[in-house]
Amino acid sequence: MSDTHILALDEAFDFAVRVLETNGFAPDHARAISRTIWACQRDECHSHGLYRLLVCVHTLKSGKVSPDARPVITDVAPGLVRADARGAYSLLAYETGREVLIEKARKTGLAALAINHCYHFSALWPEVEAIANEGLVAMAMTPSHAWVAPHGGTKGVFGTNPLAFAWPRPNGNPFVFDFATSAAARGEIELHRRAGKPIPEGWGLNRDGLPTTDPTEAMNGAMLTFGGHKGSALSAMIELMAGPMIGDLLSLESMAYDKGAGATPYHGELILAFDPKIFMGAEHAVHSSRAEALFDAILGQGARLPSQRRYEARARNTASNAISIPRQLHEQLTAMLDPETASRPF
Ligand code: NDP
Ligand code: PYC
């Protein structure tokens, strides 16, 4: 028997929604969460794909996340909208706040969406890509739990703190990158653990502060930033900008709030949107084509653009109408569709 299970695209989405609803999430939250998890699985971003359903259900059963709180949107200033998730997952708050963010950026040139009081587990590229598809440039950042040691240290202070960026292009998909400021996302280490594989050197330290390639040791010790002091400084910036700047928690505070439950981190997220038509004015077409020249210079020497692998996976999986997940994960998630299992603690 194969190690993988294949689902059609619609089937995978419905499967995710059913797992979440059966386990207690309200339909609008189940659909908002499923949209991002499904997109990640389709684009082969496995660390934030269907496997995350396990974490969402665990977090709900830990009594942490609200399954049904409605986000509250506040128009704070001409360039700032706040989406208070009120203890639910971030995704419905993001989707509800996004339209206001876009409207504001089109008026002011630059606007921010601060999402507050949210549980946050998702990849950021679907969020910035959706804004770039509206013709805007976007950046997003968020803390997580304090798993990552600062450069030169051995104890977790920072989250895995992803930074995402998207730039719209005249023809085709936007230029997008989205990466953790740790050497790898924690989800990637967890997938290595599930698959019984060692992690590369440079990803983590054990409890004694020594380098390790054992995923469990690294998760119990400390993760490392990418690019040494540079990733460490970027990670600190994300803590500040998506923490105190928007009146929300640092990764250290999110970890303390968790009280050992092992739930999804609880904090805020900052999303910025820039309207290039306002920044570039009458010269918009000229400056956009200069950006295209930059992409040509990268591609022209055989290098690839970030998200190219992802877009290729999307095209391939869409054409074949097939999403592949590990068989063991499919079995685990299918068991969660049983109402009796759903009513038991995780
Ligand atoms: P990766 O290291 O897998 O990839 C990061 C980015 O680099 C992607 O845009 C990727 O494009 C690009 N890339 C990879 N290889 C190349 C290459 N050879 N040339 C050019 N570009 C390349 O990501 P991470 O493990 O750091 O993060 C994975 C996900 O985890 C992210 O989506 C992030 O948002 C999410 N995350 C979420 C957190 C949260 O708290 N919500 C915390 C931490 C991470 P491509 O996809 O095309 O390969
Ligand atoms: O993979 O590092 C991670 C992560 C943390 C929170 C959500 N994803």
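User: Let's start with ligand 2. Which residues surround it?

Analyst: The model is predicted, to be clear. Around ligand 2 you'll find H48, R52, H120, F121, W147, T160, A185, R186 and G187. By class, that shell has three nonpolar, four polar and two charged residues.

User: And which side chain has an N or O atom 2.7 Å from an oxygen of ligand 2?

Analyst: That's T160. The backbone also takes part: a polar backbone atom of R186 is 2.8 Å from an oxygen atom of ligand 2, and a backbone N or O atom of G187 lies 2.8 Å from an oxygen atom of the ligand. The protein covers 92% of the 240 Å² of accessible area that ligand 2 has on its own.

User: OK, on to ligand 1. Which residues come nearest?

Analyst: There are 23 residues around ligand 1, and H48, S122, D178, A180 and R309 come nearest. H48 also belongs to the surroundings of ligand 2.

User: What polar contacts does ligand 1 have with H48, H120 and R310?

Analyst: A polar side-chain atom of H48 lies 3.2 Å from an oxygen atom of ligand 1. For H120, a side-chain N or O atom is 3.1 Å from a nitrogen atom of the ligand. R310 uses its backbone, with an N or O atom 3.2 Å from an oxygen atom of ligand 1. Taken alone, ligand 1 exposes 930 Å², and the protein buries 74% of that.

User: Which element gives the largest share of the shell around ligand 1?

Analyst: β7 does, with four residues. Both β7 (175-180) and α12 supply at least two residues each.

User: Switching topic: why is T264 called buried?

Analyst: Because its relative accessibility is 3%, and the cut-off for buried is under 20%. T264 sits in the loop between α9 (251-258) and β11 (266-274).

User: What does T264 touch?

Analyst: Leaving out residues up to four places away in sequence, T264 touches V55, T59, Y89, Y119, H120, F121 and H145. With Y89 there is a side-chain polar contact of 2.7 Å. H120 and F121 are also among the residues around ligand 2.

User: Last one, α1. Which of its residues are buried?

Analyst: L9, A12, F13, F15, A16, V17, V19 and L20. The buried residues pack against several elements, including β1 (4-7), α2 (27-42) and α3 (52-61). After α1 comes G24, with a positive phi near 115°.

Notes:
Residues numbered from 1 in each chain as written. Chains lettered and ligands numbered in written order. Predicted model: local features only at pLDDT ≥ 70, side-chain atom pairs only at ≥ 80, totals over all residues. Heavy atoms only, no water. Near = heavy atom within 4 Å. Polar contact = N/O pair within 3.5 Å; in protein donor to acceptor, adjacent residues only side chain to side chain. Areas by Shrake-Rupley, 256 points an atom, 1.4 Å probe, with all protein chains shown as cover. Nonpolar A, V, L, I, M, F, W, Y, C, P; charged D, E, K, R; others polar. Buried < 20%, exposed > 50% of the residue type's maximum accessible area, 1.4 Å probe, protein only. Contact = heavy atoms within 4.5 Å.
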